Amino acid sequence: MTVSAFDSRRAGIPAKALWLSAITRKWLTTGVMNNLGARLLVMLLAGVLQFHQLGRDIRFHPDEANFMTYARGAAVNGDWLLPGALDKPPLTIYSSAISMVATGVVADDEGVLHLDPLVGEFAARLPNVIMTILLAGLMMRLSWAVFGDGLAALAAGLLTALSPYVLAFGATAFTDLGLLFFSVLALYWVECQGYRKAGLALGLAFWCKQQALLLLPLVVLLLVAKGARRASVIRLVMPLVLLSLLLIVWDAARPETSVFLLGSVNNLPAQWIADPAEWPGRLLEWARLGAWLLGPPVVTASLLGLAALRPFVGRATRPIASQTRIYLAYIVGFVALHTILAFNQYDRYLSLVLPPLILVASSHLPALLPRGRLRKGLSLALAIVLVSGALWSLGNGLPIGGDRGQHDGIDDLARYLKSKPVATVIYDPWLGWELGYYLGQWHNKRRVHYPTAETLAEGALALNEVGDRYLVALVDRGYEDWIAALEAAGFVLTLDYEHNRYIVYRISRAG
């Protein structure tokens, strides 16, 4: 029985309570409450998986160690302008530095700040974990904004939470996750026609990584498809330009080489166009890496195969088909660009392809699944398959992501080296950023790098040092020439440490 507002007042029922009751009845009859519970479950699953990844005992990848050395300098020394040879914008580094201050930095009895390297790992990766959990929810919102289908939105969130790329890079300190999060946020606001917010999010993506430039073609395609007016484009461009100018001002305020100039030197190839003979091999390599975007390769292939069946099963509505073509065109163009141009083939470079690919794969599921109870059963079965694939991937080790155990034991090596006398000379031809991070902010050793065995021998002879010195080497790198060069220069080398991949030779003067 329906109660009118007049009857409710006569009965003493507040109008607000009646309104809430009507909304609740509508939610229950349309199933929105159930969808809300499913969305929360997807985000809970994302949280469980990400904090599981965060709890792994795994050391930093060299790039993580590099970026987090800057973050530690800000957190411990107050170097918030990040002095040094930095080639990335600062936003994700700042978020890790703030996390270090909040969760890891402690003061000793003399008021000197310290950060344990392993605690620093947790603190540095925590912001990306939080953004990754939010990313699953954001992808559901984006899918709903694009397609207006609850099942497609749930599938998009589940594919995001379970993607091997998200599992591999979420609990890391790479700058790519910040780029991915703010890029998806920008796409969401473009789809919702919140153009000022879209420009703000896109500007924040630039503050994370210069590769945000590669998102602009997709934004332009969406603006054209929506018939955005000039005023709408201006609303998007203004905050983007403002944030870009602020980033340029920040960069100019640093006493070091511009992050943009150094980023160009470090990342742009000397030969822009790859040799056409290399294109097939480069495309196969991107395909090999991309096979893990939606799950294990068999899962990714199956989902894309289902998407390919969509034209033969019913007919998609014109808006859905149009939007799907836009995102598919972006994926094809992105991969083609990275195949033709001589970019490095790093797995994380495919991160910007993940959201469009998830949208393409998930948008077809509602039309492919039958209606009624069978639809719910098949949806649950698909979710179980996706979760099982993710758990299998984690259990067998992902072939993408961060360090993947290559630097296990570097913390033990650092403790061994720190036990040596003050001002001990450590020759470090290979470990660079990684060893520097794990030695800590206040280590009192003299770590020296020479690029070749010959220059090392010359430098060792030129240094008038009485005490023993140490050469750090890797068992899987050719270090024999370095040993021979030092022995030829008259030094005596004795194996002093060996653990995992690491060996250390004590260097003494003959006689």
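**Figure 1. In this predicted model, F60, Y437 and Y438 form one aromatic cluster.** Buried means under 20% relative accessible area. Y437 therefore counts as buried, because its relative accessibility is 0%. Y438 is likewise buried, with a relative accessible area of 2%.

**Figure 2. Y330 and F334 form a tilted aromatic pair, one of 15 aromatic pairs that the structure holds.** The ring centres of Y330 and F334 lie 5.9 Å apart, and 50 degrees separate the planes. Both residues belong to helix α16, which spans residues 318–340. Because Y330 and F334 are four residues apart in this helix, about one helical turn separates them. Y330 is buried, and F334 is buried too.

**Figure 3. The charged end of R348 sits over the ring of Y346.** The distance from the charged end of R348 to the centre of the Y346 ring is 5.0 Å.

**Figure 4. Five strands form an open sheet with mixed pairing.** The order of the strands is β4-β3-β5-β7-β6. At the edges are β4 (446–448) and β6 (491–499), each of which pairs on one side only. From one strand to the next, the twist averages 25 degrees. Helix α20 (residues 410–418) lies across β3, β5, β6 and β7, and runs at about 135 degrees to β6.

**Figure 5. Strand β5 (residues 469–474) is mostly covered, with six of its six residues buried.** Which residues lie on each face of β5? On one side are R469, L471 and A473, and on the other are Y470, V472 and L474; all are buried. Strand β3 (residues 425–427) pairs with β5 in the parallel sense over two bridges. Y427 has L471 in β5 as its bridge partner. Strand β7 (residues 502–509) pairs with β5 in the antiparallel sense, over six bridges. Here V472 has V504 in β7 as its bridge partner.

**Figure 6. Strands β6 and β7 pair in the antiparallel sense over eight bridges.** The bridge partner of L493 is I507 in β7. A salt bridge joins R506 and D496, with 2.6 Å between the closest N and O atoms. This pair links distant parts of the chain, R506 being in strand β7 and D496 in strand β6, ten residues apart. R506 counts as partly exposed because its relative accessibility is 23%. D496 is also partly exposed, with a relative accessible area of 28%.

**Figure 7. Salt bridges that share partners join D57, R59, E121, D411, D412 and R415 into one network.** A search of the whole structure finds 18 salt bridges. Because D411 and R415 are four residues apart in helix α20, about one helical turn separates them. R415 also forms a salt bridge with D412, at 2.2 Å from N to O. R415 and D412 are three residues apart in helix α20, and therefore are also separated by about one helical turn. Which of these residues are buried, and which are partly exposed? D411 counts as buried, at 10% relative accessibility. R415 is partly exposed, with a relative accessible area of 47%, and D412 is partly exposed at 28%.

Note on methods: Residues numbered from 1 in each chain as written. Predicted model: local features only at pLDDT ≥ 70, side-chain atom pairs only at ≥ 80, totals over all residues. Heavy atoms only, no water. Buried < 20%, exposed > 50% of the residue type's maximum accessible area, 1.4 Å probe, protein only. Pairing = 2+ DSSP bridges. Axes fitted to C-alpha atoms, helices over the stretch in contact; angles between N-to-C directions. Contact = heavy atoms within 4.5 Å. Phe/Tyr/Trp six-rings, centres within 6.5 Å; stacked < 30°, edge-to-face > 60°. Lys NZ or Arg CZ within 6 Å of the ring centre and 35° of its normal. Salt bridge = Lys/Arg side-chain N within 4 Å of Asp/Glu carboxyl O.
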